[in-house]
Amino acid sequence: MFRQCRTVLRRLRDLSLQGRNPWRWNSSSAAQRALQYEAGQKIHGFTVQEVTSVPDLFLTAVKLTHDGTGAQYLHAARDDKNNLFSVQFRTTPMDSTGVPHILEHTVLCGSQKYPCRDPFFKMLNRSLSTFMNAFTASDYTMYPFSTQNAKDFQNLLSVYLDAVFFPCLREMDFWQEGWRLENENPQDPSSPVVFKGVVFNEMKGAFSNNEQVYAQHLQNKLLPDHTYSVVSGGEPLSIPDLTWEQLKEFHQTHYHPSNARFFTYGDLPLEQHLKQIHEEALVKFERTEPNTAVPPQTQWTNPREGHVTCSPDSMAPDPTRQNTVCVSYLLADITDTFESFTLNLLSSLMVSGPNSPFYKALIEPKIGSDFSSVVGYDGSTRQASFSIGLQGVAESDIESVKHIISHTVDDIIANGFEEEQIEALLHKIEIQMKHQSTSFGLSLASYIASCWNHDGDPVKLLQISQHVSQFRQCLKDNPRYLEDKVQQYFKNNSHRLTLSMSPDDSYLEKQAQAEDSKLHQKTQSLTESQRQDIYKKGLELLSVQSATQDASCLPALKVTDIESTIQYTPVQISTAGCVPVQYCEQPTNGMVYFRALCSLNSLPEDLRDYVPLFCSVITKLGCGNMDYRQQAQRMELKTGGMSVTPQVLPDLEDLDVYEQGVLLSSSCLEKNLPEMLHLWTEVFNSPHFDDEERLKVLVMMAAQELANGISYSGHMYAMTHAARCLTPTADLQEAFTGMHQVSEFIGLSLACEPGDPGSNPTFYHCVKFMKRIAESPDLTHILRKLPRIKRHLLNPDYMRCAVNAAPQKVSDAAVQVERFVGDIGSNRKERRPVRPHITERVLDPHASPGSSQSQKLISEPHFKPCQMKTFFQLPFPVNFVSECVRTVPFMHKDYASLCILARMMSAKFLHGEIREKGGAYGGGAKMGAGGLFSFYSYRDPNSMATLSAFRGGVEWARSGKFSQQDIDEAKLSIFSAVDAPVAPSDKGLSRFLSGLTDEMRQQHRERLFAVAERDLIDVASRYLGFGQRTCGVAILGPENDIIKKDPSWVVK
């Protein structure tokens, strides 16, 4: 996977304090045990260099070096059973053929010890991993995995070590994963010869996004001297210049232990890791001196400017304003950890939130729709950078933006920052250290990767409190400390680049012509014999892809290794006033988590489409005696964030029943709970709905974010839209989060600016919405809708709450919640539901009548699911394809069988058809909690062939072409998700939202264990077979002549 690295205030989050596996060490704690190691100690071929306690993060860091190869090793010992391993190599390509990215894919296709094809994907179904992946950054490649099972850890470690150090690197794997020339139809030698390959298509998809295009050009031009001047992931038209021999040579020079950095994390014994890594890999190598270091960029004596073009964005809020302009400054070396910490903080002060100077100067005047895609501090390259600019700018305003940036730098130097802003940022760091996540090890690995990659000290990066103390001392010693940094790195910095980007109407045509030219260059001199050879190689690859693979060489857990029962989560149900409250006692590390679900049942239909907008702005407009800036400052000083999001919760027993509402979520330090709930009180009692200019800014930013997100999450939009005609839940979900909502937001944002917005035939909802707002240049009529929505939503009579806190804090939290409910009592008003069929269901079926929380569910007994095929023509070179089928709800006895079927079909059929043969970056099937069986593909060069693959998957399942081993592997894969660790902040959440009790979870678990071959064939036939199913189809992608000629498709 290609990763465009960015660094903001890194979130060292979510300390997992869950129980240990029974066989693990019996002594006090992993961190305490690790303190027993001493510098100079020899352990299995490694020498301990340093042992450091890091109390901020409840861990002990142990640095080691391998004696024979010089490989670097860092172990973070911590009481977290979700153990992680990663190995990273410094990969510094000097061309844009994508060699490190293609190598990342290819090493995972088979190795000496595990020569079967695609052991990486096969291990996804033979383990209980909580994470498995690989990343290619600009200058390193990382291979991480995590698991809660000790045996699984050893299995995965063996596979990963053999993959990276002893890969097969077969030419056929290079053709499949990288690029190849092949007949469009591999079985028809007369069909045109075209480019194919997984990475080739992935990068075509990546660069269909203008944000990616801009970010890549900015890095290439700001750091032009070495590896950062090229595209490590691969520029699509350069990828066909890479040869198989060059790939193997790059592996030989870069994937050596002397160029490797190993990281392990968690509560498993370090000695076992060292022994396995030494014996299975490192002992077979000798030390080398890798020539992979990145030299410092030569400093410019004068600033530079550049210009690039991109594709016009048919989803842009305003078609006449599609320019981007940004100024980027080269900063300090990231191995200076305190300087990097300071510059990171300084960046946040300059750009984060409505109180920051650049927000005030650039966003609020509405010169552009949002900050440029690259904004703030970036520590992903050897020398960091800071970028500031705007997207959605008119060409005539580009010079103004440059002037504003320069003037704002001068203002910061002259006026500095308010002390409260600095304290709010330091409070944010404290929150991030205390908040606990289930993927802390992975966050840690990502956090240290760039600095360590350039021989910086990763342990110093972890000593955050020391950096905070040093930062405070610097401010005390020099009150103008930050202003001096701005003077040094921004005002007096001649190494800065101003880069603009504008749309070119013929951009896509030029890209297509360039690809045709490249193809012509590769094929024009082919002899008939060479063309025949291409055809034969295509058939050979197809034959290998179609053959049944023997994966018996791979290690695997057994279904019997899975725990038979769940870990129960006790909750207490109480009331505050008339409001039901669920309390869940958890080791939250000094944090309190508050949630409230407010019903939408009384909301008039004409306001429904505005609910996402309401949720987006309600905590950002000001409230009580605070304007929006003061509100934002107070939230940053007293909370870990406050958000409101739409919720559509499918019933567990009936597909035509659901709950609709909005979810209020926030967190804070224990001492700040009264202040946090007071902020919610102000939002309930006196939100501000009178600032039209502020609303315009928020709408434009939200619209830009939605428009930018489609190319990243196109498969999710396709699945949401494909499902909309199948259940009432899915229909509402599409209205709130799907293509309909994207169109509505974009349409609304066009009203933020006077003038002709142009036409956009791609999104008919957008045009419809524009007519509804009567072409008004103001949003006062929208502002008038927001108080109406508030009166229906923020009503304690239709609300229930949940609190997760430490056991000793729950009683205090109950007092504060009681006070909060009393303070918002003026919002209480009896309102009639607008839907005729409302049923009430108790969330805790074991509670006595009247003592438990309940859901007020909407039933739509007359809902008629229907078939619909929709095509959204978008400016992408690849497709996002989905087909959804209405099946059964969660509590139905067949639900478990459909879950297993989806995983098995993905791994054993669809992966081969869609990714290996079809060249898509990804694809598969999933069973959703809403009763929808969804097929999907991601960054897919095909569309109709993929739909055929979906149908082929059903026939494969119906014919029973799978083994008991296939079923067992699917169960392992399912249980890795079912048993994924849950953070203390989220414990009991599924019970609170959906009424999913521990007893229901255990019943589902037992049904998963019991699924047999006959069950899978049965559900495939009864729910997915032709004639038995009701399905919807959606495709987002480039122009498609087949679909245009087919009247059964709705083309948008």
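This is a predicted model: local features need pLDDT of at least 70, side-chain atom pairs count only at pLDDT 80 or more; totals for chains, interfaces and linings use all residues.

Residues are numbered from 1 along each chain as its sequence is written, and side-chain values use heavy atoms, with hydrogens and water left out.

**Overall dimensions and composition**

- The protein holds 36 helices and 31 strands, where helices (H or I, at least four residues) and strands (E, at least two) are DSSP runs numbered from the N terminus.
- For 1052 residues, a compact globule would have a radius of gyration near 31 Å, and the 29 Å of the protein agrees with this; the radius is taken over C-alpha atoms, and the globule rule is 2.2 Å times the number of residues to the power 0.38.
- The C-alpha trace spans about 80 × 75 × 70 Å along the principal axes of the protein.
- Of the 1052 residues, 63% count as buried (buried means under 20% relative accessible area, exposed over 50%, and partly exposed in between, with a 1.4 Å probe and protein chains only).
- Carbon and sulfur atoms contribute 49% of an accessible surface of about 38,600 Å², computed by the Shrake-Rupley method with a 1.4 Å probe; for residues, only the protein chains shown count as cover.
- Among contacts (heavy atoms within 4.5 Å) with a separation of 6 or more, 81% link residues 24 or more positions apart.

- Strand 11 (residues 260-266) is largely enclosed by the rest of the structure, because seven of its seven residues are buried.
- Ala-260, Phe-262, Thr-264 and Gly-266 point one way from strand 11, while Arg-261, Phe-263 and Tyr-265 point the other way.
- Strand 4 (residues 72-77) runs parallel to strand 11 and is joined to it by six bridges; two strands pair if DSSP finds at least two bridges between them.
- Within this pairing, Tyr-73 has Phe-262 as its bridge partner in strand 11.
- Strand 5 (residues 83-90) runs antiparallel to strand 11, also with six bridges, and Phe-89 is bridged to Ala-260.

**Helix residues**

- The buried residues of helix 28 include His-781, Leu-783, Lys-785, Lys-790 and His-792.
- Asn-201 belongs to helix 6 (residues 198-206) and is buried, at 5% relative accessibility.
- Beyond its neighbours within four places in sequence, Asn-201 is in contact with Val-878, Gly-919, Arg-939 and Pro-941.
- Ser-546 lies in helix 19 (residues 528-546) and is partly exposed, with a relative accessible area of 44%.
- Ser-546 and Phe-145 are 401 residues apart in sequence and 28 Å apart in space, C-alpha to C-alpha.

**Cysteines**

- A search of the whole structure finds zero disulfides, a disulfide being a pair of cysteine sulfur atoms within 2.5 Å.
- For Cys-615, the nearest cysteine sulfur is that of Cys-598, 9.6 Å away; Cys-615 is buried, with a relative accessible area of 4%.
- The sulfur of Cys-884 is too far for a bond, because the closest cysteine sulfur, in Cys-1031, is 9.1 Å away.
- Cys-884 is buried, at 1% relative accessibility.
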